[in-house]
Amino acid sequence: MARVGAFLVGIGAYRSIGGTGLSSLQFAVNDADAVEQYLRTCWPGASDLNVVRIPEDEATAAKVEAGLGLLAKGGPYELCWVFLSGHGWVDEATAGFLVQPAQEIGSLPLLPAETLDRWLTSIDAKRTILILDCCFAEGLVRRMSFFAALGQSDARLYVASSRETQRTWEDTGVKHGVFSAHLLDLLNTGSAAQFSGRKTQLDVDAELFPALCVQVPLYVFQQKGGARQEPVKGGVSISAVTLPVASLARRVRDRTVLETVAIRLRQVVTGLAVGGLALLLLSYGLIYYVEPGAGGTLMVRHGTRWLEPLLRILPLERVDTGISVADLSSNAAAAAPLQSGYTTGFWTHEGTDRSRGWFDAVLAGLDPAAAARYGTLAGRQPPVLSASPFPLDVERAAWLALSDGRPESLDVILERVPGGDRRSREIARVPVNQMDFEILDLTEANMVSYAEALAYSAALDPVRTFPAFLGFAKATQEWLIHNTDAQRGRGARDRVRVAVADVLGVISKARVDRGLPALDPSDRSLLQALSGQGYSEVIGQGLSRVVGDTTSRLLAATEALQRFHGVPDDPKQGPAFETIMAGLDDSERSKELVARVIAEFVSAGAVPNSYYTRFLIAAGDARALPANVIDELVVTARERLRKADSDFEDSEHARILAHVMSQVPADQRAPALALIERIANSVTPMSMSTAEMYAALGRQGLDPEGLLAKVRERAAKAKPYTPADPSVAVGPTPGMTIVVGPGPWVAALAVFGSNRQLGAEDVAILRAHVANPAQRDVIVPALVRQEREAPADALVELWEHRLVMLVTNSRSRNTEQAIMVGYLAARPWPEFTRLVAQLRMKRAASQEPELRIALGSIVVEALIARSKVPSRGAQLFTG
């Protein structure tokens with residue numbers, strides 16, 4: 001019997017990998033050839049070695065199994081060597097080595113890990129070594145039981161080229177797989193930087209594998225653009241397993257004493273230098289430190305802070321955490337290690353829930369609220385809400401519940417929202433003389449925080465949230481009665497009212513998603529009755545936010561008209577005006593309502609003014625203007641064109657026409673378009689009003705030829721957004737904010753992109769500004785529109801890959817997240833829930849905290865974006 005049995009397979013030119021995303025390999029056959037050469041060098045005698053080699057083009061599953069069977073018949077062996085080089089395949093259901101198809105088939109031809117396990121068990125050998133050089137190699141051996149027990153053997157070991165989630169790389173320079181190249185180099189020379197000298201035998205556990213663990217990751221990282229490949233070893237043995245080095249027989253020439261001393265001295269000096277370099281590289285590969293980066297986020301870097309001058313010739317960034325420096329703890333002692341770069345540790349150490357150890361180290365130095373936010377986004381349980389939380393704490397808890405995804409966690413949050421004693425369904429007038437100071441003393445910020453908490457809760461469970469909304473809406477009406485803008489600040493009452501009314505829109509949107517009516521009929525009747533009992537400012541406007549319920553919206557708008565008399569800046573009429581605008585649509589009943597509102601404006605002598613312009617724009621966006629009003633707008637446009645000069649009223653008329661253009665008959669659009677262009681030519685080219693008019697035409701698909709080019713030219717002048725950018729403009733005049741600059745043109749370009757494919761230059765402009773909070777909501781839909789449609793079953797994998805590729809650039813990662821959020825939020829509900837579940841599973845499976853945070857953020861922000869109901873007229877660019 002032969003002392004050594006060997007089974008070798010190398011497959012590079014696969015016949016059936018189309019549609020898998022895999023490509024042919026260049027050097028798998030070279031790997032198998034070199035291993036065979038090594039074996040025949042070390043065991044040259046015919047009786048020493050039994051090699052079973054399966055040619056590349058014949059390596060089907062059946063032929064591979066037959067070859068393993070042939071090897072088993074040749075036993076028993078002192079040493080059994082099995083070498084496989086090719087493609088590996090691992091998914092949730094299967095894991096195996098990719099082989100050649102026996103015939104053209106639809107599924108992947110695999111040698112399953114379980115089959116390999118069974119054949120290895122059948123081979124009688126004292127020592128067995130499996131060498132596996134393929135992608136996801138750890139995933140194959142992890143599913144094999146052969147290496148868990150010795151049986152009658154002395155040793156059963158495996159050395160796999162990479163971890164379960166990692167690719168295995170080839171290199172054109174050495175014309176081998178990187179792993180096989182380093183393995184063969186060690187076996188052929190017995191030399192490595194870690195060894196004290198040249199070896200004649202290599203201990204697999206103590207020498208061979210540790211050398212591979214250092215050399216392979218470093219080589220791949222340096223040669224493959226920062227990629228990761230970490231060999232894995234496992235198995236059991238009762239004694240050390242050694243392998244011979246091939247280059248034993250070499251000629252040694254005689255040396256003089258002086259020459260020997262010189263050589264030895266040179267070896268010592270070289271050894272010290274190499275040892276120092278090896279230690280430096282080991283520190284580079286295994287140690288990390290954290291410090292603030294230039295972009296204002298915490299960076300995880302290679303090595304240690306004091307080694308940075310020596311390592312700066314190498315890429316230092318491991319991870320851009322995306323965690324803002326502003327989130328550091330106010331406790332100087334906790335934050336100091338992160339601020340100074342002295343938070344350090346071993347890269348391979350795991351922290352809580354298998355994530356990288358650096359995450360726990362960073363969380364310890366953050367503000368507690370920030371630590372809770374990042375921890376929850378990464379998949380950890382959110383902290384328990386205290387018995388007497390601040391309003392902001394309640395808002396944060398509701399937001400964190402979206403990441404956790406358990407509706408039952410909302411109960412304790414909703415209990416902390418004021419109005420718990422007002423959740424009765426009894427229909428009674430608002431108690432105008434009741435002075436509940438626990439409600440009345442709340443600030444605007446407190447009220448908005450509670451409203452946000454309700455909106456987040458509704459996105460997760462609208463049915464559970466409705467009673468809490470009912471109680472808080474009643475409490476809010478009392479707050480509005482007894483608080484004035486003089487007490488709380490200009491616009492405070494409006495902001496509170498709108499924030500609470502918006503919650504009902506979120507509830508209705510979330511209910512429709514789940515296949516329920518927008519409002520339960522009994523709930524709708526209750527709210528309509530309460531609106532008539534003095535709660536119209538909050539509940540009446542809330543009914544105007546209900547999606548998919550035209551009747552409720554129009555009823556609320558019609559009821560509000562009784563309180564509107566053409567003066568929107570009157571505090572009593574303002575809420576009614578907003579309710580009316582929110583209820584508009586293209587129905588005949590809505591057009592009648594518009595006509596009555598116009599009559600109220602005229603009766604009050606308030607035409608023209610900015611509120612009237614805003615109303616006509618909102619009605620135009622809703623296609624709610626009556627035909628006679630459209631005709632009058634066109635006639636007025638002709639009259640204004642006959643004037644020699646243009647004035648402010650001409651500009652306002654052009655703005656209105658731009659928004660109503662789709663209602664203007666095609667044969668009457670010429671004067672409207674002419675007035676728009678005349679106004680655009682009469683003001684500075686960067687005027688926001690021009691950007692708005694062009695955007696309105698683009699949104700309706702009625703932009704003349706060349707208009708998009710003008711928008712692009714002006715948008716390109718905007719500097720890329722940075723967090724320190726102060727150019728977010730908020731205008732003091734309702735319905736009319738005057739801005740001169742490129743910012744509005746970026747928004748206009750985004751409006752064009754929301755209904756058509758844009759060029760690469762346009763997309764680059766939008767990507768440079770998507771982080772701007774003032775423009776994100778209008779830019780994201782445009783970028784989503786530019787995305788290529790991906791197969792639904794591969795979408796989460798694709799997203800994960802895109803995020804992983806941006807591990808050192810959180811700003812670009814945030815841009816990708818924003819696009820993913822927009823795409824996900826627009827999916828049909830069944831697909832949305834399936835993708836959210838997959839994202840949560842992917843988050844739980846990942847070891848990388850920055851990826852976990854990104855995936856958690858996508859889930860939370862998509863739930864919020866999906867349930868948001870924009871107020872009509874609030875964004876002039878979007879209608």
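**Ground rules**

I am working with a predicted model, in which local features need pLDDT of at least 70 and side-chain atom pairs count only at pLDDT 80 or more, while totals for chains, interfaces and linings use all residues. Residues are numbered from 1 along each chain as its sequence is written, and side-chain values use heavy atoms, with hydrogens and water left out.

**Entry: the sheet**

I looked up the sheet and found it open, with six strands in the order S2-S1-S3-S7-S8-S12 and mixed pairing. Here I take strands (E, at least two residues) and helices (H or I, at least four) as DSSP runs numbered from the N terminus, and two strands pair if DSSP finds at least two bridges between them.

Which strands are at the edges? They are strand S2 (49-54) and strand S12 (232-237), each of which pairs on one side only. From one strand to the next, the twist averages 10°, where axes are lines fitted to C-alpha atoms and angles run from 0 to 180 degrees between N-to-C directions.

I then followed strand S1 (residues 4-10), which runs parallel to S2 and is joined to S2 by six bridges. For Ala6, the bridge partner in S2 is Val51.

**Entry: aromatic pairs**

A search of the whole structure gave me 18 aromatic pairs. The rings of Phe, Tyr and Trp (its six-membered ring) pair if their centres lie within 6.5 Å, and planes under 30 degrees apart count as stacked, over 60 as edge-to-face and the rest as tilted.

I noted Phe221 and Tyr284, whose ring centres are 5.9 Å apart with planes at 75°, so I record the pair as edge-to-face. The pair links distant parts of the chain, with Phe221 in helix H6 (residues 204-223) and Tyr284 in helix H7 (residues 257-286), 63 residues apart. Phe221 counts as buried at 17% relative accessibility, and Tyr284 is buried with a relative accessible area of 2%; buried means under 20% relative accessible area, exposed over 50% and partly exposed in between (1.4 Å probe, protein chains only).

I also looked up Phe577 and Tyr611, an edge-to-face pair at 6.1 Å centre to centre with 85° between the planes. Phe577 lies in helix H21 (residues 574-582) and Tyr611 in helix H23 (residues 610-621), so this pair ties together parts that are 34 residues apart in sequence. Phe577 counts as buried at 1% relative accessibility, as does Tyr611 at 16%. Both rings belong to one aromatic cluster, formed by Phe564, Phe577, Phe601, Tyr611, Tyr612 and Phe615.

**Entry: charges over rings**

I count a charge as sitting over a ring if NZ of Lys or CZ of Arg is within 6 Å of the ring centre and within 35 degrees of the ring normal. The charged end of Arg827 sits over the ring of Tyr823, 4.1 Å from its centre, and that of Arg866 sits over the ring of Phe832, 4.7 Å from its centre.

**Entry: Ser180**

Is Ser180 buried or exposed? I found Ser180 in helix H5 (residues 178-189), and at 0% relative accessibility Ser180 counts as buried. Leaving aside neighbours within four places in sequence, Ser180 is in contact (heavy atoms within 4.5 Å) with Asp31, Phe83 and Asp133.

**Entry: salt bridges**

The structure holds 58 salt bridges, each defined as a side-chain nitrogen of Lys or Arg within 4 Å of a carboxyl oxygen of Asp or Glu.

I looked up Arg301 and Glu291, which form a salt bridge with the closest N and O atoms 2.8 Å apart. Arg301 lies in strand S15 (residues 297-302) and Glu291 in strand S14 (residues 287-292), so the pair ties together parts that are ten residues apart in sequence. Arg301 is buried at 10% relative accessible area, and Glu291 counts as buried at 13% relative accessibility. Both are in a network of salt bridges that links Glu291, Arg301, Arg305, Glu308, Arg312 and Glu317.

For Arg416 and Glu415, I noted a salt bridge at 3.5 Å, N to O. Arg416 counts as partly exposed at 22% relative accessibility, whereas Glu415 is exposed at 56% relative accessible area.

Lastly, Arg422 forms a salt bridge with Asp436, the closest N and O atoms being 2.9 Å apart. Both residues lie in the loop between helix H13 (410-415) and helix H14 (437-440), 14 residues apart, and Arg422 is buried with a relative accessible area of 9%.
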